[in-house]
Amino acid sequence: MHSLFNKTAMYSGFKDYLTGQLNEIQEAGLYKNERIIVSPQGPFIMLDTGQEVLNFCANNYLGLSNSGELIRAAGEALKSHGYGMSSVRFICGTTDLHKELERKIAQFFSTEDTILYAACFDANGGVFEPLLTSEDAIISDALNHASIIDGVRLCKAKRYRYENSDMEDLETQLQLAQEQRFRLIVTDGVFSMDGNVAPMDEIYRLAQKYDAMVMVDECHSAGVVGKSGRGVTELFDLGGKIEIITGTLGKAFGGAIGGFTTGKREIIEMLRQRSRPYLFSNAIPPFVAAAGIRMIDMMTETNVLQDKLHWNSEYFISRMTGAGFDIKPTRSAICAVMLYDARLSQDFAARLLKEGIYVIGFYYPVVPKDLARIRVQISAAHEKDHLDKAIDAFTKVGRELGVIK
Amino acid sequence: MSFSEKIRGLYQTQLGEIRNAGIYKEERFIHSSQAADIEVEFPTGAEVKKVINMCANNYLGLSSHPEVIKAAHAGLDTRGYGMSSVRFICGTQDIHRELENRVTEFLGTEDTILFPSCMDANAGVFEAILTSEDIMISDRLVHASIIDGMRLCSAQHDTFKHSNMEHLEEKLLLHADKRIKLVITDGVFSMDGDLAKLDIMVELCNKYDAMLLVDDSHSTGFIGKTGRGTHEHCNVMGQIDIITTTFGKALGGASGGCVSGRKEIVDMCRQKARPYLFSNTIAPVIVSGVLKVFDILSASTERRDKLEKNTAYWRKGLTEAGFVLKEGDSPIIPVMLFNAKLSQDFSRDLFSRGIYAIGFFFPVVPNGQARIRTQISAGHEIHHLDKALAAFIEVGKKYGILGLTKEQIVAKYGL
Amino acid sequence: MDDMKDLVLNYVIKEYMEDGDEEITYDTPLISSGYVDSFSMVSLLVFLENKFTIKIPPEKATPEAFDNVNSIVALVKQYLK
C-alpha cells in the first residue's frame with residue numbers, strides 16, 4: 001500500500017521529524033511494543049509465539065472477561081437487540097437495556113442515577129466541564145488517572161493539586177479554595193500503579209469540614225474492594241454519601257467496553273444534557289448493556305468472586321512478603337513488587353515470561369524515577385496453584401538477580 | 001452532605017432553563033434492534049410504537065445484519081467477552097491487528113490504529129503529533145470531537161469558512177511561517193450532508209506545504225464508487241495524510257474508531273495518544289463484527305449502491321413535494337424549516353404518523369437554520385420511503401410550507 | 001471613532017459572515033449568537049493587534065469582551081496609546 005501515497009513535500013519533512021521522535025522513544029527504552037494474544041482473556045493466555053503463559057497483568061480482577069454467563073447474556077441480546085445502535089443516545093441510540101443498566105448501577109452503588117459512556121476515559125473526560133465553571137475549584141490528587149487530568153484540562157474551574165493521599169496537603173488546598181463557589185475533591189479509589197486505597201473516610205471528613213463535594217473514580221476498586229465489591233465507598237461505609245462515582249465495565253465488570261458516572265440526580269441529568277463525550281459519541285452496543293445487567297445481578301446475588309479474590313490477594317502478598325520481596329501496602333488486587341531500578345524491572349519481567357509468568361515492569365515516567373516495579377494484578381480466576389507457580393517463579397528470578405536472598 | 005440544597009438548586013435552575021429554551025434532550029427508548037422498522041417507547045411509559053427510523057447513522061443497514069450478528073457471536077465464543085486491558089499491556093489479540101490491516105487496505109493508507117471510539121481518536125491524535133510550534137487550520141463546521149482534540153493540543157489554531165477554499169488559501173498564506181500546518185475537515189458534514197472539496201484541499205496543501213486530516217465518520221463504507229470514503233469520491237486516494245473514522249455508524253454501529261494514515265503518524269499515536277494508552281482495547285466481539293462488515297463490503301458494492309438509489313429516490317420525492325433541502329451528495333438530507341419551534345412541531349407530528357426523524361436547531365446548527373435531518377439507509381425499502389414521504393407531505397401541508405422558498409417560510413414562521 | 005468601528009465591523013463581515021447571513025450591526029452578538037466560535041476568535045485578535053499595533057493580554061480576550069463590535073472597540077481603546 002506504500003506506493004499509493006504521493007509523498008507531499010510537507011509530509012516528507014514531517015516524516016523525518018516523527019522518525020526522529022520515534023527513535024528517541026526507542027532509545028529511551030520507552031517504545032511500546034504490543035504482545036499479540038490469540039486466546040480469550042483468562043488466567044492463562046496463549047501468545048502468538050505459541051507460548052502459553054499465566055497472566056498477571058490484566059484488569060480481569062473477577063475473572064469475568066471470559067465468563068460464560070456474560071457471554072450468554074451478550075449472545076441473547078445480540079439476537080434480541082442486534083449488533084450496534086449506529087446512533088448517539090439522544091437521537092436513536094437508547095434501548096430499554098441501557099436504561100435498565102443505568103438503574104441497576106445506581107442501585108448497586110446506592111446512588112440516585114447513572115449515565116453510561118463508551119469508556120470511563122470518556123466519563124472522566126466529560127464530567128467536569130458541564131458541572132463547574134471558572135467560579136469553582138477542583139482539588140485533585142496528584143496521582144489521579146490520565147483521563148481525570150484530561151477532563152480537568154477541558155474545564156475552566158480553578159485547579160488545586162494535593163500530594164497522593166496526603167490529607168494534610170488536601171486540607172491546605174481546601175483552605176486555599178475557600179473563596180471559590182463550589183469545591184470538588186477528586187480522587188481515584190485505588191491508585192493503579194501502587195494499589196493503595198484512597199483514605200475515603202478522611203477525605204469525606206475534610207469535605208464536610210470545608211464544604212466540598214467528592215468524586216471518586218472506582219475503576220480499579222469497583223467489584224474488587226469492599227466485602228461485596230461495591231468499592232471504596234463500601235470499604236469506608238460511605239454508601240450513598242459520595243456525590244459522584246465514575247467507573248468502568250472494562251475491568252473487573254467483564255472487561256469489554258463501557259464506563260459510567262453515577263451519583264446525584266441533578267448531576268447526572270446535567271451530564272445527559274451537556275457532557276460532550278456522551279452527546280457526541282455512540283451509545284454502547286445493547287449486548288454490552290445486557291452483559292452489564294447480568295454482571296450487576298451476579299454481584300448482587302453472591303460475594304463468592306470477591307471472597308476468592310480477597311483470599312488470593314492476601315495469600316499472594318503474604319507469601320511474597322515472606323519470600324523477602326518489598327511490596328507496597330495495599331488493600332486492593334494490585335500488588336506492586338518494588339525493584340526501584342528501571343533496567344532491573346525489565347530484566348525481571350523478561351525472565352518471568354520465560355518462566356511462563358506474564359507481568360509488566362513499570363518505570364519512569366509511568367511511575368516516579370527510581371521507583372520502578374513489577375505490577376502484579378490478582379484475579380479471582382487464579383487458582384492457588386497458579387499463585388504458587390508465580391510466587392515460585394518470582395522467588396527463583398529474585399534470587400538469580402539478587403533481589404532477595 | 002456537601003451536595004447542599006444550594007448546589008442542587010443551582011443545577012435544577014440550569015436544567016429548568018434548558019427546558020424552557022426548548023432544548024432539553026429527551027431520550028426515546030427503543031425496544032428492538034436498530035433497523036428501518038423500530039419499536040419506540042416515547043414518552044417514557046407510553047405504549048411501544050412501531051415507527052420507521054429516518055435518523056440513524058445506520059447507512060448500510062448493517063447494525064443488525066444477521067451475518068454481522070453471527071460473526072459477533074462466534075467472536076464471543078472463541079475470543080471471550082472482554083480483554084480487561086489496554087492495548088499495550090495485554091489487550092491486543094491477533095484480530096485487533098487483523099482489523100487494523102483491513103482498515104488500512106480498505107482506505108488505501110499506510111497503517112491504522114484502533115481507538116474505543118472516533119471521539120477518542122479525534123481527542124487523541126492532535127496532541128500526539130503536534131506541538132506549540134505548529135498550527136491546526138480547521139473548517140468551521142468540524143465535529144465536536146475534533147474541537148475537543150484541538151482544545152487538548154498546544155498547537156496554535158485558526159479556522160476557515162465552511163468549505164470556502166479561497167479563505168483556506170488565505171489562512172495557509174497567513175500561517176506560512178509555522179513549522180507544521182495541519183488542515184482539518186470532516187469528509188461529509190454531519191448536519192448539512194455536504195462533502196468537503198478534498199481535491200482542491202489536497203492541491204492547496206501541496207502548494208502551501210501543509211498536511212491534511214479528514215474525519216470520514218459519515219462517509220466510510222458508502223461514499224465513493226466502492227465506498228472507501230470522501231477521498232475516493234474526490235479521486236485523491238493515497239493523498240490524505242490522516243483519516244479518522246468510526247465503526248459506530250455505517251460499519252455495524254457498535255463501537256470503535258480509528259486513525260489511519262501515514263505510518264509514522266500512526267506509530268506516534270500508538271506511543272503517545274492518551275485515549276489509546278489509557279483506555280480499554282476494543283472488545284473482541286466488536287472486532288469480530290467489524291471484520292465481517294469489511295468482508296461484506298469487499299465482496300460487493302450492492303449495499304452502497306442501494307443506499308445511493310434510496311438517497312436519490314428520497315431527495316427527488318422531497319424536492320418534488322416542494323420542500324427546501326440542503327444540497328449534497330450524501331445520504332444525510334436536511335429538510336430546512338429555519339424556525340426552531342417549527343422543527344420540533346414537525347418532528348412530533350411525524351412521530352404520530354409513525355415516522356421517526358429529529359429536528360435540530362441552534363446551537364447544534366446555526367441560528368435560524370433549524371431543520372429535520374433525515375438519514376437514508378440501505379436498510380430502507382421503497383415502501384418505507386414512500387410511507388415516510390407521505391407523512392412528510394401531510395405534515396408539510398398542515399404547516400403550509402410546501403412549495404415555499406426559504407424567504408416565504410421565514411416570513412411565515414420567523415427565524 | 002466610527003472609523004474604527006467600521007474597520008472592525010468590515011473585518012468581522014469579511015472574516016466570519018457567510019452568504020445569506022443576516023446583516024450585522026455594531027451591537028449584534030457575535031459569539032453568543034454563534035457567528036464566531038472561540039477558535040475563530042483568534043484571527044480577530046491577531047487582526048486587532050496588527051491593525052492597531054497593540055497587545056491584548058490573553059486573559060482580556062474573553063468571549064464577553066469580543067461579543068460585539070462596540071465592546072471590541074472599547075477593549076481596543078484601552079490598549080491604544
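Ser228(A) is buried, at a relative accessible area of 10% (buried means under 20%, exposed over 50% and partly exposed in between, with a 1.4 Å probe and protein chains only). The residue lies in the loop that runs between β7 (213-217) and α9 (232-235) of chain A.

The side chains of Ser228(A) and Arg230(A) are joined by a polar contact of 2.8 Å. Setting aside residues up to four places away in sequence, Ser228(A) touches Phe108(A), Glu234(A), Asn303(A) and Gln306(A) (contact means heavy atoms within 4.5 Å).

**Basis of the model**

The model is predicted, with pLDDT of at least 70 needed for local features and 80 or more for side-chain atom pairs, while totals for chains, interfaces and linings use all residues. Residues are numbered from 1 along each chain as written, chains are lettered from A and ligands numbered from 1 in written order, and side-chain values use heavy atoms, without hydrogens and water.

**Interface of chains B and C**

Between them, chain B and chain C bury about 1200 Å², of which 48% is on carbon and sulfur atoms (accessible area lost on being put together, 1.4 Å probe, summed over both parts). Of the area that chain B buries against chain C, 41% comes from Arg140(B), His157(B) and Lys161(B), more than any other three residues supply. Each chain's share of the contact is 16 residues from chain B and 16 residues from chain C.

**Packing of α5(B) and α10(B)**

Helix α5 (residues 118-129) and helix α10 (residues 263-272) of chain B pack at about 100°, their axes 9 Å apart. The two are therefore roughly perpendicular (65 to 115 degrees). Val125(B), Ala128(B) and Ile129(B) of α5(B) meet Ile265(B), Met268(B), Cys269(B) and Lys272(B) of α10(B).

How values were computed. Axes are lines fitted to C-alpha atoms, for helices over the stretch in contact, and angles run from 0 to 180 degrees between N-to-C directions. Helices (H or I, at least four residues) and strands (E, at least two) are DSSP runs, numbered from the N terminus. Angles under 35 degrees count as roughly parallel, over 145 as roughly antiparallel, 65 to 115 as roughly perpendicular and the rest as oblique. A polar contact is a pair of N or O atoms within 3.5 Å; within protein, one must be able to donate a hydrogen and the other to accept it, and residues adjacent in sequence count only if both atoms are side-chain atoms. Buried area is the accessible area (1.4 Å probe) that two parts lose on being put together, summed over both.
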